[in-house]
Amino acid sequence: MKNFKKLLILLVFSLLGSIILVGCAGSGDGDSGGNKGNEGNDSDSAEGSEGGDLIIANTSDIVTLDPAGQNDQPSANVQENIFEKLVKLNADMEVEPNLATEWEAVEDNVWEFKLRDDVKFHDGSDFNAEVVKANIERILDEKVGSPKGFLYTMVTEVKVVDDHTVQFVTEYPFAPLPSHLAHSGGGMVSLDVIKEDYEAMEDGKEPGTVINEKPIGTGYFKFEEWKPGQEVKIVRNDDYWGDKVKLDSVTFKVINEDQTRIADLITGNIHIADPVSPSDVDQVENTDGLSVPRQSSVSLSYIGFNMEKEPFDDPKVRQAINMAIDKSQIIDGIYDGVGIPAIGPLAPPVFGYDDSVDGLEYDPEKAKELLKEAGYEDGFKTTLWTNDSREREDAAVNVQSQLKEFGIEVDVQVLEWGAYLEKTAAGEHDMFVLGWSTVTGDADYGLYALFHSDNIGDPGNRTFTKDAELDKLLDDARKNPDPEERKALYKEIQEKLAEVAPMLYLHHSEFLLGVSDKVKGLEQLPTQTLVLQNVTLEE
């Protein structure tokens, strides 16, 4: 029996939280993916009835509905349900058919994909090889300026063989191409809408303006409404080519306060709280009718340095801060031990991860020595940016406290999510807290986007890393078709990164969801994406 007084307090808190939410802007989580499965969630043990509106509370609003737009997790979570890709990843990070039924490398630098012949977009138009060609060419178009263009820079030509056969010609052999096509940036948009968007660009509109207003895909859900800062609603696609969803709709609500999300979950105002903070797990699990599924990931949380700004243009300073921070304080004290310490940027399930690579271990005496050698024996003043995520703010404050012992005065500043992405892409920061998820399961995505000089800014390189040797290694690794030789190159890259030290790698997270027992058939992938196709709600 639950304590009545506790429940009453939570009911009141939920009401207050709902009032506070009016007019609040969204904040972001940015972690844009190993699998323990949904432990503690009996979503597969029974099936709910057809229909209903599934309500998911997220910390932040989406940034865009355009698959070629901003590369952030909140946007991807919504897009995944509206747009489909040629292929998709399963819970084991294996590539599976989706809009393509089969594929093969017909030459060293040519991939061929066979497409489904029974697919239509939400606007009734046909999906075919011409559509694929238009979507990939658009994401590579410099006039569009897609932050996800890096996914396909190796593609030199998209050939239409026939209506349902398409070939990708690449500049060099590129083994991870199918994995890259499984990224949300490979989402297929209606050709008619793409043409309309280009027409709007000719009239002076921003790229993606029309697609944001009319996000037309082939997915099992269709877009209905986006109320910026409040919610996004999608509804069932009754004309879907495959197994149709049973839910009537899904509403993604923006509730950036952790305790408000938990209170709304407890009182039944929402069905899923995404995410649950580690410090709130016990509260949720001790509430009847709720559980906390846990999913190991291929994600990374990190603190990045702007290598174009003093004193972070000096590798000794970057190495010193790495050695000055005791990560266990952050993982145990803030994340309640959830997740594993990060030695480098790749999580263990990612192809190319190498556990023999030594990182920059906690060594305060060595940190002091390096600061002295760099001319900062007495420390310096700097800023550390974060968005309004409780764990990130807490991590920033912890780092602030630890660096104070070295004479480094850190001003922690909290920014709204959209402004945070824009300003870090523009290089206005000193240090920043962010995350990255290797959603393709291949080291190329986890390293090339973050550290190659071609990807400075929006694509992912917000540390402004520019290193010719590192660039060459990254280029060589993605061009080599031999898996074992690629692994050797990625080991060398990870060793080089320990020397360059563009980041302080914090931890590889474990995703935590608060879920009502009414939700059946829910799955979360190691990429953080929620799979909603088989979800039902129990009365």
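**View 1. The salt bridge between Arg236 and Asp238.** In this predicted model, the side chains of Arg236 and Asp238 meet in a salt bridge (3.0 Å, N to O); the term denotes a side-chain nitrogen of Lys or Arg within 4 Å of a carboxyl oxygen of Asp or Glu. Asp238 is partly exposed, because its relative accessibility is 47%; buried means under 20% relative accessible area, exposed over 50%, and partly exposed in between (1.4 Å probe, protein chains only). Arg236 and Asp238 belong, together with Glu50 and Asp248, to a network of salt bridges. The structure holds 30 salt bridges. Local features are given at pLDDT of at least 70 and side-chain atom pairs only at pLDDT 80 or more, whereas totals for chains, interfaces and linings use all residues. Residues are numbered from 1 along each chain as its sequence is written, and side-chain values rest on heavy atoms, with hydrogens and water left out.

View 2. Seven strands form an open sheet in the order β8-β9-β10-β1-β11-β21-β12, with mixed pairing. The edge strands, each pairing on one side only, are β8 (221-227) and β12 (290-291). Helices (H or I, at least four residues) and strands (E, at least two) are DSSP runs numbered from the N terminus, and two strands pair if DSSP finds at least two bridges between them. Strands β1 (residues 53-58) and β11 (residues 272-274) pair in the parallel sense over three bridges. Within this sheet, Ile56 stands opposite Ile272 in β11. Helix α2 (residues 73-82) packs on the sheet and touches β8, β9 (231-236), β10 (249-254) and β11, its direction making about 15 degrees with that of β9. Helix α7 (residues 258-266) also packs on the sheet, where it touches β1, β11, β12 and β21 (514-516); the direction of α7 makes about 165 degrees with that of β11. Contact means heavy atoms within 4.5 Å; axes are lines fitted to C-alpha atoms, for helices over the stretch in contact, and angles run from 0 to 180 degrees between N-to-C directions.

**View 3. Helix α15 and its buried face.** The end C-alpha atoms of α15 are 17 Å apart, which agrees with the 16 Å that its twelve residues should span at 1.5 Å a residue; the expected span is 1.5 Å times one less than the number of residues. Leu470, Asp471, Leu473, Leu474, Ala477 and Arg478 are buried in α15. Seen down the axis, the buried residues fall within an arc of 165 degrees, so they line one face of the helix; the arc is that of the directions from the helix axis to the C-beta atoms. These buried residues pack against α4 (177-181), α14 (443-451) and α16. The face turned away from the buried side carries the exposed residues Ala468 and Lys472.

View 4. Asp476 forms a salt bridge with Lys472, with the closest N and O atoms 2.8 Å apart. Both residues lie in α15 (residues 468-479), four residues apart, about one turn of the helix. Asp476 is partly exposed at a relative accessible area of 28%. In a second salt bridge, the side chains of Glu499 and Lys496 meet (3.4 Å, N to O). Glu499 and Lys496 are about one helical turn apart, because they are three residues apart in α16 (residues 483-500). Glu499 is partly exposed at 47% relative accessibility, whereas Lys496 is buried, with a relative accessible area of 9%.
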